[in-house]
Amino acid sequence: MTPIRNGKGMFKHLPRNKKEKKERIAKGGVMLFTLVFCTALTLGGCGRIRESGLFNQTTVTETQQETSEMVTTTEPTIAETTRATLETNVPLDDITDARYEDISNELTKWWYRRPEQLGEGLPVTIDEPVQDILSSYQALWQAPAGKKTVYITSDEGYEIPGNTPKILDAAKEKDFVINFFITGQYVESNPDLVLRMLDEGHVVANHSQLHKNGPKTIAELGVRGLVDDLDVANNKMIEVSGQSFAPFFRPPEGVFSERSLAVIRDMGYHAVFWSFAYVDWIADDQPDPEAAKEKILEELHDGSILLLHANSVTNANILGDLVDEIRARGYEIGDLNDVLGELGYLEEAATKNESDLDLTVDTLPGDDLTSSATTTLGTESVDQVATAVRTTQAQTGTKDQQEQGVKQEQGVTLRPDASPVPSTMAAGQPVIPETAKTTATPR
């Protein structure tokens, strides 16, 4: 072919003869056919892609909706829970010995009764008089059944290096809330860990400043001794985090009296005990991880409040797998704030804040009050009524049922005769009243 220069300075070739011209036309036809075929194939492919929904906006929207529905049917996230705040029921300056002098300060150690058949999801029980006292002061120990939810609580008095970060890592990875009970000393020593607990959505509650025995403190220092122990810890929390503890208090050693419960509640806290615990707190004698998981799971039941000490290396190592197995059995991990809602305590608090706390009493014939059917009691009368109610409760027989207890040395419960607690009782847990001994072992 003879090269010629076109008007744009580019070279192109003209055919020299008819044969070369035919070859050029044939090549052009092939190229044209190839171009048309590829275009058709591409357009057809795009059509099929559109038909498949990859570019179908309606399908994308439906997919997003399905994904959203899937998310909302899983366990609620920490942020969805309504959190209660700490608000005193009585001004702290008004919490004096005179206010509680008619309420018993008899020491009782927490205990509960295991079901005879373990591994069947059956709840633990306590004696009815104890339950009545706890309910009177809005204390928690086991949540209402029906939601198939358990509550992980973790006590922190001191830090085993690396333990709490490992526990928090497991909670973050598995997306569940822990209800921490920490001392004021822990807050002072581990401010970064406390802030991480809050930042990652956990409940952080009061475990006192110095881990004092409440009834003993009241006996030695008066009710102000207990008030100061809780209040100093809360002030440490405010200094570090800018906020108060959540309105929950774990009594050190599981020890309480009716008077200590009354003071705790008037300070705005709900005392929180437990319906599962095991010997996990002895640093140099940790339980075997597999045995620990088995023990926890065999006593698992709806509404259980689990006590797992954060200074336990075993607990830190098994927590993630344990939560997987709890969920595999159909349970969710819950926030203690939800329990307040279920029991109506949040609604009661809201009603209390909205009202003047006026009480009305029926006017009896001969009463020189007013012509109306009711009269409003003043603040002083309200206090007198509350004292009378508590006095009546204290006289309903609970004293005899709590008169004799068992010794708790290093957290190990023994009967007064030094014989071990029956296997159906909470080992290492607290006290069987003397009158309950005959009913402690299920018949």
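Predicted model: local features only at pLDDT ≥ 70, side-chain atom pairs only at ≥ 80, totals over all residues.

User: Why is helix 5 called roughly parallel to helix 7?

Analyst: The axes of helix 5 (residues 163-174) and helix 7 (residues 191-199) cross at roughly 10° and come within 11 Å. Angles under 35 degrees count as roughly parallel, so helix 5 is roughly parallel to helix 7.

User: How do you know which residues bring helix 5 and helix 7 together?

Analyst: Contact means heavy atoms within 4.5 Å. On the helix 5 side these are Thr164, Pro165, Leu168 and Asp169, and they meet Leu193, Arg196 and Met197 of helix 7. By class, that contact has four nonpolar, one polar and two charged residues.

User: What makes helix 7 roughly perpendicular to helix 9?

Analyst: Here the axes cross at roughly 80° and come within 10 Å, with helix 9 spanning residues 223-241. The range for roughly perpendicular is 65 to 115 degrees, so helix 7 is roughly perpendicular to helix 9. Helix 7 contributes Pro191, Val194, Leu195 and Leu198 to the contact, while helix 9 contributes Met237, Val240 and Ser241. Six of these residues are nonpolar, one is polar and none is charged.

User: Why is helix 10 described as largely enclosed by the rest of the structure?

Analyst: Buried means under 20% relative accessible area. In helix 10 (residues 258-266), nine of the nine residues are buried, so the helix is largely enclosed by the rest of the structure. Among them are Glu258, Arg259, Arg265 and Asp266, along with Leu261, Val263 and Ile264. Just after helix 10, Gly268 has a positive phi of about 100°.

User: What makes a space in the model a cavity?

Analyst: A cavity is a set of points where a 1.4 Å probe fits but cannot get out. Strand 4 (149-156) and helix 12 (313-328) each give two or more residues to the lining of the largest cavity.

User: How do you know what class of residue lines the largest cavity?

Analyst: The lining includes Ile152, Ile167, Leu308 and Leu319, as well as Thr153, Ser154, His309 and Asn315. By class it has seven nonpolar, four polar and no charged residues.

User: What about the second largest cavity: how much space lies in it, and which classes line it?

Analyst: About 50 Å³ of space lies there. Its lining has five nonpolar, four polar and two charged residues; Glu298 and Glu299 are among the lining residues, and Glu counts as charged.

Conventions:
Residues numbered from 1 in each chain as written. Heavy atoms only, no water. 1 Å grid on protein atoms, 1.4 Å probe; cavity = no way out; pocket = protein on both sides within 12 Å on 5 of 7 lines; lining within 4 Å. Helix = DSSP H or I, 4+ residues; strand = E, 2+ residues; numbered from the N terminus. Points joined across faces, edges and corners; volume = space filled by probe spheres on them. Axes fitted to C-alpha atoms, helices over the stretch in contact; angles between N-to-C directions. Parallel < 35°, antiparallel > 145°, perpendicular 65-115°, else oblique. Buried < 20%, exposed > 50% of the residue type's maximum accessible area, 1.4 Å probe, protein only.
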